[in-house]
Amino acid sequence: MMRVVRGFYSVAHSVKLCRPNVICAYPITPQTEIVENLAEMYANGELEKCRYITAESEFAAASILVGASATGARTFTATCSQGLILMSEVLFNAAGMRLPIVIVNTNRAVSAPLSIWNDLQDSMALRDAGIIQIYVENNQEAHDAIPQAYRIAEDRRVLLPTMVCMDGYKLTHAYEPIDLLDQSLVDSFLPPYQPAAYLTTKKPLAFGCYAPPHIYMEFRVAMQNAMERAKAVMNEVFREWAEVSGRDWGQHLEVVYPDSRVFVVSMGSIVGLLRKVVEELRKKGYDVGLIKIRTFRPFPVEDLKRSLSNAEKIIVIDRSLSLGHEGNLSIELKSALYGSSANIISMILGLGGRDIPKEFLEKLLEDAILGKESSGFKGVKDFEEVIP
Amino acid sequence: MRYFGRGHGACPGCGLAIAVRNVLDALEGKCFVANSTGCLEIISSQYGKNAWGVPYIHSLFDNTAAVASGISEALKILGREGEGKVVVLAGDGATADIGLTLHGMFDRNHDVIYICLDNEAYQNTGHQQSGLTPLGEATTTTPAGRVQLGKTGRKKDMVAIAIAHGSPYVATSSAVLPADIRRKVKKAASIEGAKYIQIHCPCVTGWGIEGKDVVRVGNLAIETALYPIVEFENGNLVTVRKIKERKPVEEYLKLQRRFRHLFVDPRGKEIIAEIQRIADRNAEKYGLDLKKD
């Protein structure tokens with residue numbers, strides 16, 4: 001059913017169709033409307049066999065879901081920015097306990113200075129947590145990503161928390177026509193959660209044991225193996241989704257103009273703009289293609305190597321950075337392409353919601369293709385830095 | 001020993017192990033244990049040496065009340081609440097200091113029995129002070145020094161905090177009163193909502209006592225009125241453990257290495273006097289002294 005809805009509703013509606021047993025969150029801009037919509041559905045009795053719990057913090061919300069997930073419940077939370085960072089202690093723990101919690105992160109800058117606007121710094125901070133990270137370009141993709149996230153997280157070959165990352169405001173608050181999924185389609189795609197192990201007095205098990213040095217590493221290796229297996233599982237899930245929904249979002253990557261010599265690589269909502277910019281550049285005669293990275297964890301190293309094997313120049317558009325080093329996506333890409341002779345240019349822009357006009361982006365990319373732009377921050381005003 | 005004990009690594013005489021056994025026995029093993037990082041977790045949950053005969057989860061140091069809340073709600077929504085009660089077993093540091101999520105559990109009144117195993121410091125990591133460390137105790141983070149003689153603050157009143165949250169059942173007990181623990185846990189299990197029971201657990205290493213003196217020291221904490229044994233239902237005091245002949249606090253303090261400096265340093269006299277005043281106030285507040293006709 002096609003309806004014009006805002007991003008947060010597209011997520012909330014999809015979460016409802018996934019039949020979670022426990023939803024627990026703490027409001028934070030611009031995520032709040034997702035849980036407000038779920039709260040409204042709960043208050044109106046639209047969520048069957050579900051508890052909606054208002055936690056006192058994101059830390060508590062994630063902790064409540066650890067208990068619920070370990071008991072065998074399907075769980076959901078949404079957060080961003082400071083909230084995600086406050087959750088981080090728990091999320092590292094949930095990943096280690098192999099709990100398939102599904103999280104939506106509405107990407108927002110981190111403080112200080114305080115900013116409620118969009119960039120990708122928050123989820124990048126959770127890069128090493130053992131959480132699967134999927135980035136979406138638009139609200140239909142966000143809507144479709146939720147059932148897929150549960151399928152991936154709950155797959156016995158994976159069993160890791162899975163986080164769908166959507167740009168705060170740019171997506172969450174945008175109106176888009178969305179083909180809202182049918183309950184029957186989601187039910188056939190996503191069977192009820194059958195936990196591999198759970199807390200029950202019928203067969204007492206211990207979760208969260210401590211591991212001395214003689215055994216700790218093996219647990220971490222098992223998590224890494226699960227991440228590796230997730231690559232294949234996600235490919236299966238993505239393909240099946242394309243079949244049942246009729247919407248093919250690609251695999252870990254979406255490659256546009258695969259035979260190009262220059263590639264622009266990015267992820268999230270900016271890809272929508274980049275599609276147009278790349279078209280403009282191609283009209284001008286530039287041999288440029290686009291790679292949209294959908295899966296950031298596990299990082300699709302082999303897919304990128306294959307897709308970029310003939311690239312001469314790669315322009316990475318980052319909307320976050322590892323302070324003291326460079327753009328996060330750029331770091332990952334360089335590591336994946338180690339040994340490649342391609343010229344990799346890393347551009348950091350759009351931090352804290354800084355506008356990225358189409359003309360600005362087009363000029364930037366054209367200059368980069370022509371060798372007139374180098375790596376670094378783009379779109380920064382001249383300012384005098386105060387060194388006290 | 002069916003529910004707890006198959007090879008746990010507690011010190012001989014550990015009050016905590018006695019308390020846990022009695023909690024689980026009272027519930028006949030029909031419970032889900034959420035345990036915070038700490039002594040109990042370390043002595044019972046090493047991979048491959050799990051000492052638990054009941055479903056058990058350890059997540060973090062600071063989130064056990066929330067984890068238990070999640071278990072409780074999941075059991076209800078999955079129609080499995082008949083399987084057993086949800087019990088938190090947390091140390092005093094995890095309860096009074098870092099356990100941020102306790103107030104949320106009280107606030108939403110999840111059906112959980114929260115048990116604080118109070119050995120009055122971070123004993124697992126070698127005796128650092130917690131919010132439940134009493135006045136004057138020397139810990140490794142409040143040592144007896146030239147300027148400061150042990151802990152300067154009071155023992156946090158978690159009982160009052162639990163009552164202030166509207167908890168339907170709040171009680172204290174002691175590892176030296178196994179029958180009292182069992183009765184109170186059973187009582188708590190019969191009441192819906194977020195319950196709080198704080199159990200005094202003598203710690204041989206942290207307190208500097210011998211295993212054979214655990215019962216004596218634990219009893220003296222009660223008989224001096226330093227650890228009032230009380231029980232509240234819906235905020236009303238329903239029982240107190242009366243003291244026949246109240247003992248001076250010195251009798252309790254002098255047996256323990258953690259208070260030894262109070263008897264060596266001349267400044268200790270005033271601190272002992274203040275500790276005595278705390279005991280006197282406890283006795284008066286809860287009516288602990290058995291009135292003689």
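**View 1. Strand β12(A) shows buried residues on both of its faces.** Val288(A), Leu290(A) and Lys292(A) point one way from β12(A). Gly289(A), Ile291(A) and Ile293(A) point the other way. Each of these residues is buried. The model is predicted. Strand β12 covers residues 288–293 of chain A, and 6 of its 6 residues are buried, so the strand is largely enclosed by the rest of the structure.

**View 2. Strand β12(A) pairs with β10(A) and with β11(A).** Strand β10 of chain A spans residues 253–256. It runs antiparallel to β12(A), and 4 bridges join the two. In that pairing, Val256(A) has Leu290(A) of β12(A) as its bridge partner. Strand β11 of chain A, residues 262–266, pairs with β12(A) in the parallel sense. This pairing has 5 bridges. Ser266(A) is partnered by Lys292(A) of β12(A). From β11(A) the chain passes through helix α9(A), residues 270–283, to reach β12(A). This β-α-β crossover is right-handed. Val265(A) stands opposite Ile291(A) in β12(A).

**View 3. An open sheet of 6 strands lies in chain A.** The strand order is β10-β12-β11-β14-β15-β16. Pairing within this sheet is mixed. The edge strands are β10(A) and β16(A), the latter made of residues 376–377. Each edge strand pairs on one side only. Strand β12(A) sits between β10(A) and β11(A) in the order.

View 4. Domain 1 of chain A covers residues 2–245, and domain 2 of chain A covers 253–377. Their C-alpha centres lie 27 Å apart.

**View 5. Chain A and chain B are in contact.** Chain A brings 36 residues to the contact, and chain B brings 38 residues. Helix α3(A) gives the most, with 9 residues. By class, this side of chain A has 23 nonpolar, 9 polar and 4 charged residues.

**View 6. Strand pairing crosses from chain A to chain B.** Strand β9(A) runs parallel to strand β2(B), residues 56–58. The two are joined by 2 bridges. Ala206(A) stands opposite Tyr56(B) in β2(B). Within chain B, Tyr56(B) also stands opposite Val33(B).

**View 7. Strand β1(B) pairs with β2(B) and with β3(B).** Strand β1(B) holds residues 31–35. It is mostly covered, with 5 of its 5 residues buried. Cys31(B), Val33(B) and Asn35(B) point one way from the strand, and Phe32(B) and Ala34(B) point the other way. Strand β3(B), residues 85–91, runs parallel to β1(B), and 5 bridges join them. Here Cys31(B) stands opposite Lys85(B). Strand β2(B) also runs parallel to β1(B), with 3 bridges between the two. From β1(B), the chain crosses through helix α2(B), residues 39–44, to β2(B). This β-α-β crossover is right-handed.

**View 8. Helix α3(B) is mostly covered.** The helix runs over residues 64–77 of chain B. Of its 14 residues, 12 are buried. Thr64(B), Ala65(B), Ala66(B) and Val67(B) are among the buried residues. So are Ser69(B), Gly70(B) and Ile71(B), as well as Glu73(B). At 1.5 Å a residue, the 14 residues should span 20 Å. The end C-alpha atoms of α3(B) are 20 Å apart, which agrees. Gly79(B) follows the helix, and its phi is positive, near 70°.

Technical notes. Residues numbered from 1 in each chain as written. Chains lettered and ligands numbered in written order. Predicted model: local features only at pLDDT ≥ 70, side-chain atom pairs only at ≥ 80, totals over all residues. Buried ≥ 20, exposed ≤ 12 C-beta atoms within 10 Å, placed from the backbone. Pairing = 2+ DSSP bridges. Right-handed = clockwise from strand over helix to strand, strands pointing away. Domains from an automatic or database assignment. Expected span 1.5 Å × (residues − 1). Contact = placed C-beta atoms within 7 Å. Nonpolar A, V, L, I, M, F, W, Y, C, P; charged D, E, K, R; others polar.
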